[in-house]
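Please look at the model shown here and follow the paragraphs below with the chains in view.

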Amino acid sequence: MEKQWYTISVYSENNVGLLNRISGIFLKRHINIESLNVSKSEIEHVSKFTIVIHSTEDWARKIVGQIEKQIEVIKAFYHTDDETIYQESALFKIASHLLFDERQIQNIIKESNSQIVTVARDFFVLAKTGRRHEIDEMHDALEPYGIMQFVRTGRIAVTKATMPITEILEEFHNQ
Amino acid sequence: MSTETLKKEKNKTAKSIRISGAEAIIHCLLAEGVDLIYGYPGGAIMPVYDELYKFQDKLTHILTRHEQGATHAAQGYARVSGKVGVAMATSGPGATNLVTGLADAQIDSTPMVCITGQVPRHLLGSDAFQETDIVGISTPVTKWNYQVTKASEIPEIMAKAFYIARSGRPGPVLVDITKNAQFDELDFVYEKCTGVRSYKPVHKPDIKAIEAAAEIINRAKKPYIVFGQGVILGHAEEELKALVEKAGIPAAWTVLGLSAMDTDHPLNVGMVGMHGNYGPNVLTNECDVLIAIGMRFDDRVTGNLDTYAKQAKVIHFEIDPAEINKNVNADIAVLGDAKQTLGLLLPLVNKNEHKDWLAEFDKKYQIEYDTVIKKDIEPTKEGLTMGEVIEQINKASGHKAVVVTDVGQHQMIACRYAKFKQSKSNVTSGGLGTMGFALPAAIGAKMGAMEREVVAIIGDGGYQMTIQELGVIFQHNVPVKIVVLNNDHLGMVRQWQELFFESRYASTVMTNPDFVKIAEGYHIKSRRVTERSDLQDAVEEMIASKDPYFLEVRVEKEDNVFPMIPSGASVSDIRLK
């Protein structure tokens, strides 16, 4: 079976230790987590894990089954890239003098649609949200001038189709 | 509170009492119907032991000689009684010694609650004396675990622990309780847990799937049932028997399914898997419909998946959705509790006989009998065989004993030849293959069914892994019957070395102590058999004994267990020699 990118969405209780339980499921099967994000979800007190893996559909399905089996997991899903709207964010910390010394830097900022978050005497910070390859491109463009710090978030994603989870979660919420 | 149990409103009428966390733990156990626990005290659990002392008229604590023994005893108790087994230990090494038992209970779906003490809340993370992250360590081998750091959490967490351990597909739960939470007081009210909102233990049966299954079964020419422990855990023995008899379907079992159906039932065709029976394995690849009930297609059952039952339509009755299409794809999956789903299936299947198909099992049995079974249970060669010992136990106990086995050759021989009339009679470590399981598990099994005969059958290797539990048998006069089949080898590993590693017996030869003397040291009645002529008398004496009894049988040193599906081979390629 062909490997591809899968976004696994896990709706769960917000409990200490659950991340360990979920990551163990990947560890046991030697599947690398390419990106991980944990946040609140559309329902109050329900957390959402967004996990990206590169794997076969068979494995994605089995992993979702194992995740869903955990007591504090309400529901888990997997989706292909085609089925989701997804983004990542990144921060670039760059030396301030480059803004004046290197003309190209300003062009990169404009072309990449990134925002300047802060400017200090010694450095400024650029924020960029987009697909991973867009962030990679921006990184590659800035790298020759020197990046003082770089960080990228995990993927966040919503599905194009309605999530059947919403109703279930609302029921929980009303209990 | 971070746990989300399904409760609309707290029971406000119940009066609370002001007690310590340690005392609350005892009240929780009593409220869950626990009257027996196994464990080992230590610093971080001492407040609870102090309460156990005060409550000893209501709650018996059995001091095992090692925490691992406590878990296996709790498992043995759970497996025969159907109740939740409870084990208790202190923090640090006490807690880590529970891990093997937790892993065993997890893979064999045994309901168990383990309670561990933990260093006080303010010392967590400081590498305090006997501090270990048991919640982190036990996560992959528990159905659920939780660290309690406040006394007020105790009732709800304990209720949740028991509910999770016993509901749905059962499993082990560990509750780690810091020492301050044991000392501190709380307003105690106990309410049983009836649901956890994020956890769905049993799916409602899908009638459409059951109808589709019935249709396929009714059209089948060569239907074949393979059942597992799900039948026992789901109390579906009667439904299984009714289905098998009505539809005339031959039924085979996995190691953990053994005893769910009378071994002498004409439609019970035997064991599947690596050392299972010839017909049940070979005919897996000839049936047209394979009906799997409460089993999970373990690799020891299926052999090479690429050549497993490819010709058959597969119907999978299973409680755990994660097991569906995990190893073998199901044409029809029926989720739910086996008692319920089989009950719904029963009226939809037609009466049938499948005589020609059954005759194929008989033919295969005859082949196996002539080449393997006869030599095993009625040997004519000089050395004693494990099979003839099991046969003697069958005769002496009238097929009524609970048989507890360890892991290895003796286990496979016992599963192949032990006869059972009653469910919950076969206690063994199936999935994990834990050597050292049998002796403590037999203690638990006996205490879980005092009215029944309990015979532990153990190899000389596994026996020495938990031999110290003889101390429990002696101290509490637990009348278990212990049979060590001594071949002075780690027999199963030696067999593999002989067959697949050109007889290089690396570290499988054992120089053993005098086992009879050891048992005598614990004041347990003992006997050694080295000759066939003594066997029957010794086994009869053992079964007749009202007290614990130890029997060592010196068996042939280099016997092999056959049939055998070599690792990674197809069920069709099972070897008879």
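G65(A) is partly exposed, because 18 other C-beta atoms lie within 10 Å of its own; a residue counts as buried if 20 or more other C-beta atoms, placed from the backbone, lie within 10 Å of its own C-beta atom, as exposed if 12 or fewer do, and as partly exposed in between. This is a predicted model, in which local features need pLDDT of at least 70 and side-chain atom pairs count only at pLDDT 80 or more, whereas totals for chains, interfaces and linings use all residues. Residues are numbered from 1 along each chain as its sequence is written, while chains are lettered from A and ligands numbered from 1 in the order in which they are written.

G65(A) is found in helix α2 of chain A, where helices (H or I, at least four residues) and strands (E, at least two) are DSSP runs numbered from the N terminus. Leaving out residues up to four places away in sequence, G65(A) touches P321(B) and A322(B), a contact being a pair of residues whose C-beta atoms, placed from the backbone, lie within 7 Å. From D122(A), by contrast, G65(A) is separated by 57 residues in sequence and by 50 Å in space, C-alpha to C-alpha.

Chain A as a whole has six helices and nine strands, and its C-alpha atoms fill a box of roughly 60 × 40 × 30 Å along the principal axes. Of its 175 residues, 31% count as buried. Its domain assignment gives domain 1 (3–84 + 156–174) and domain 2 (86–152), with the bounds taken from an automatic or database assignment, and the C-alpha centres of these two domains of chain A lie 31 Å apart.

Chain B is divided into domain 1 (17–188), domain 2 (207–361) and domain 3 (382–554). The C-alpha centres of domain 1 and domain 2 of chain B are 37 Å apart, and the contact between them takes five residues from domain 1 of chain B and five residues from domain 2 of chain B.

S16(B) lies in the segment before β1 (17–20) of chain B, and S16(B) is exposed because 11 other C-beta atoms lie within 10 Å. Although S16(B) and D187(B) are 171 residues apart in sequence, their C-alpha atoms are 5.4 Å apart in space. Beyond its neighbours within four places in sequence, S16(B) is in contact with D187(B), F188(B) and V189(B).

Is helix α5 (residues 99–107) of chain B largely enclosed or largely open? Eight of the nine residues of α5(B) are buried, so this helix is largely enclosed by the rest of the structure. Its buried residues, among them V99(B), L102(B) and I107(B), pack against α3 (67–81), β4 (85–89), α4 (93–96), β5 (112–118), α6 (134–138) and β7 (172–178) of chain B.

Finally, consider a pair of helices. Helix α1 (residues 21–31) and helix α7 (residues 154–166) of chain B pack at an angle of about 30°, with their axes 10 Å apart, the axes being lines fitted to C-alpha atoms over the stretch in contact and the angles running from 0 to 180 degrees between N-to-C directions. That angle makes α1(B) roughly parallel to α7(B), since angles under 35 degrees count as roughly parallel, over 145 as roughly antiparallel, 65 to 115 as roughly perpendicular and the rest as oblique. The contact is made by G21(B), A24(B), I25(B) and C28(B) of α1(B) and by I154(B), P155(B), M158(B) and A159(B) of α7(B), and by class it has seven nonpolar, one polar and no charged residues.

Methods:
Contact = placed C-beta atoms within 7 Å. Nonpolar A, V, L, I, M, F, W, Y, C, P; charged D, E, K, R; others polar.
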